[in-house]
Amino acid sequence: MMAPGELMMDPLAERSAFQAQRPIPGPKRDWAQALPSRTALTLLGLTLFSCTDQSNSPLSETSEPFVMVLGTAQDGGLPQIACSKPCCQRVRQDRAAARMVTSLMVADPGSGQRWLLDAGPDLPRQVQLADRAAPRSPGPGRPPLFDGIFLTHAHMGHILGLLHLGRESYGAESQRVICTPSVARFLREEAPWSLLVDANHIVIEELQPGKVIQLNERLKAELIQVPHRGEFTDTVGIRIQGQNGSLLYLPDIDKWSRWERDLKEELAQVELAFLDATFYGDGELPGRPMSAVPHPFVVETLQELEAVAPSERAKVRLIHLNHTNPLHDPGAPEQAQVQSAGIGLAIQGQCLTLDGRPLD
Ligand SMILES: [Zn+2]
Ligand SMILES: [Zn+2]
Ligand SMILES: [Zn+2]
């Protein structure tokens with residue numbers, strides 16, 4: 001429990017100093033010991049491929065930072081509420097085909113630290129999944145669930161999970177949340193998010209896009225501004241840089257042509273790129289103008305990357321798939337089309353080193 005008076009401290013300054021000077025607190029957590037069996041994962045409803053499926057998982061041998069895919073669906077998830085079309089009926093009959101909302105965990109076995117990229121509505125089950133690969137140390141009280149939660153923007157699929165940190169649920173003590181000043185203002189000023197801030201369940205650290213911060217001795221992070229429907233806040237992608245590799249996480253962006261940066265140049269700077277693949281192509285939302293929800297169609301991304309070296313395309317992991325996206329269906333011809341272009345799909349439960357090596 002927090003002693004009276006501690007609330008008066010500047011938690012931002014305290015945590016920043018902690019991050020900068022003492023990046024590896026306490027004994028390293030032995031994550032290999034905590035690997036679950038396949039049966040345990042099935043009982044949790046966390047079937048699908050998972051880097052924690054095997055008792056001899058390479059995680060027991062690696063001390064390298066890695067990323068775990070906690071979800072791959074667009075904000076509404078798969079199946080989506082009230083959808084009676086084949087895209088979701090198929091999944092209601094085969095629950096193993098369900099997908100949680102897009103989110104990643106970056107974990108560093110060397111320090112026992114872990115960070116979350118976006119906190120969507122599936123956060124409770126995603127914490128369970130994260131715990132399988134990178135368990136948090138049990139602490140007294142309600143310690144932060146992650147060493148930091150990065151937010152890309154304030155649409156539902158990216159912030160709803162924060163509500164689980166409030167007093168109706170986990171009641172976190174000073175969970176560090178890293179976001180742009182625009183997202184920070186929204187969380188501080190708008191209910192119900194403001195309650196999380198006022199009650200110190202979350203502690204917001206503003207980060208200007210373009211400014212690099214050190215997460216620990218081995219990892220750096222940077223927010224990258226992108227164009228995306230800005231009803232409430234601006235939107236960023238997130239770059240995580242390690243010593244052996246870097247990743248780009250870009251779940252929501254308008255068309256590539258509206259970005260001041262060049263996708264190919266950004267791809268050249270990383271080893272892994274989780275890119276917005278909300279819709280496969282035009283006409284996917286019958287009766288609804290798709291210009292109202294602009295995203296790069298997968299077919300446009302394939303076109304954009306047509307001329308780059310195959311090794312560049314191999315860095316891509318498509319993510320943030322709308323329930324209508326045929327790429328959710330392993331039997332769909334579109335999967336073969338993406339595969340033949342040498343482009344990958346993000347796989348829920350998969351862990352990869354930052355240089356793109358799957359840990360399975
Ligand atoms: Zn989204
Ligand atoms: Zn559907
Ligand atoms: Zn969005």
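Which residue of S5 does Ile 149 stand opposite? The answer is Val 177, and finding that pair is a handy way into this predicted model.

Ile 149 and Val 177 face each other where strand S4, residues 148–150, meets strand S5, residues 175–179. These two strands run parallel, and 2 bridges join them. As a reminder, strands of a sheet pair through backbone hydrogen bonds, and they can do so in a parallel or an antiparallel way.

Zooming out, S4 and S5 belong to an open sheet of 7 strands. Reading across the sheet, the order goes S6-S5-S4-S3-S2-S1-S14, with mixed pairing. At the edges sit strand S6 (202–206) and strand S14 (351–353), each of which pairs on one side only. From one strand to the next, the twist averages 25 degrees.

Now for the helices that lie across these strands. Helix H4, made of residues 123–133, lies across four of them: strand S1 (66–71), strand S2 (103–108), strand S3 (113–117) and S14. The angle between H4 and S1 is about 155 degrees. Helix H6, residues 181–189, lies across S5 and S6 instead, and H6 runs at about 150 degrees to S6.

As for the whole protein, there are 11 helices and 14 strands to look for. Of its 360 residues, 44% count as buried. Looking at contacts with a separation of 6 or more, 73% come from residues 24 or more positions apart.

How values were computed: Residues numbered from 1 in each chain as written. Chains lettered and ligands numbered in written order. Predicted model: local features only at pLDDT ≥ 70, side-chain atom pairs only at ≥ 80, totals over all residues. Helix = DSSP H or I, 4+ residues; strand = E, 2+ residues; numbered from the N terminus. Buried ≥ 20, exposed ≤ 12 C-beta atoms within 10 Å, placed from the backbone. Contact = placed C-beta atoms within 7 Å. Pairing = 2+ DSSP bridges. Axes fitted to C-alpha atoms, helices over the stretch in contact; angles between N-to-C directions.
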